[in-house]
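Welcome! Please open the structure in your viewer and keep the selection tool handy. We will go from one stop to the next, and at each one you will hear what to select.

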Amino acid sequence: MNLRKGRRQNCCQYPSVSLTLGVRIMTEMEIDVRGQTCPVPLVECRKALKKASPGDLVIVKGTHPASRKEIPMACEAMGLTVLGIEDKEGGKEWEIKIRR
Amino acid sequence: MGEKTVIILHSGDMDKVYSALIIANGALAMGMEASIYFTFWGLMRLKKGELDKGPLSKMNMLGFGRQMIKQRMNKANVASLERLMNDFKELGGKIIACEMTMEIMGLSKEELRTDWIDEWGAVGSYIQEARDANVTLFI
């Protein structure tokens, strides 16, 4: 129960928590760049990935069409795994899940 | 060492400063290193409070064209130059200021945004920076 609490408190500013037991909790960061245009979605995604720790999940939500394909390109170039790309709101929005 | 993009920003025109910062941010966002060498009219944009004060490279029309483009950019939700510069610095981008231009234009370091500038240099600094770069542009 304490774990959950710690996790919530540490979200965003401190994306991961190391416990004395040696167990690391993977956190989820959500980036909302809906309505933003070039180069903001790509840049915000990179900023989040920089703050995240290896293993963390970064979820980017956006509407800018070019970023839907460029964010996965950037991830591939940096050797990161894109877990999934989902289209929403009848194709107007997208959501990309990345494993740091 | 990773891949690198090095840009010479010779122009101080607002639209070209946008190009330089967007490309440089794109490079950083895609995992490359990036540096911008500010020289000549470009260096004027490093003066305190002058980053977005450049004219439009075409159809400036005494500032009317510039105003119109700014309105359209606002409507399209384009990030401000200040924000792009802050993101550039946050992602580890490097800024080099041309010393000869400072001399020609009679600029002192106190007049410039020294908090953004990582290095002061001349052509040698650019070449050294660009020597192992994969992308280099003159804007």
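**First stop: a leucine in a helix**

Begin by selecting Leu28(B), which lies in helix H1 of chain B. Keep in mind as you look around that this is a predicted model. Is Leu28(B) buried or exposed? With 26 other C-beta atoms within 10 Å, Leu28(B) counts as buried, because the cut-off for that is 20 or more.

Now show what surrounds this leucine. Leaving aside residues up to four places away in sequence, Leu28(B) touches Ala34(B), Phe88(B), Leu91(B), Gly92(B) and Gly93(B), and also Arg46(A) from chain A.

**Second stop: the core**

Select Leu21(B), Ala24(B), Tyr37(B) and Phe38(B). These have the most contacts inside the largest nonpolar core, a set of 49 residues. Helix H1 of chain B, residues 14-29, gives the most to this core, with 10 residues.

Stay with Phe38(B) for a moment. Among the residues that Phe38(B) touches, beyond those up to four places away in sequence, are Leu9(B), Leu43(B), Ile95(B) and Cys98(B).

**Third stop: where the chains meet**

Finally, colour the two chains separately. The contact takes 14 residues from chain A and 14 residues from chain B. On the side of chain A that touches chain B, helix H2 (40-51) and helix H3 (65-77) each supply at least two residues. H2(A) gives the most to that side, with 6 residues. The residues of that side of chain A divide into 9 nonpolar, 3 polar and 2 charged.

Key:
Residues numbered from 1 in each chain as written. Chains lettered and ligands numbered in written order. Predicted model: local features only at pLDDT ≥ 70, side-chain atom pairs only at ≥ 80, totals over all residues. Core = buried A, V, L, I, M, F, W, Y, C linked by C-beta atoms within 7 Å. Buried ≥ 20, exposed ≤ 12 C-beta atoms within 10 Å, placed from the backbone. Helix = DSSP H or I, 4+ residues; strand = E, 2+ residues; numbered from the N terminus. Contact = placed C-beta atoms within 7 Å. Nonpolar A, V, L, I, M, F, W, Y, C, P; charged D, E, K, R; others polar.
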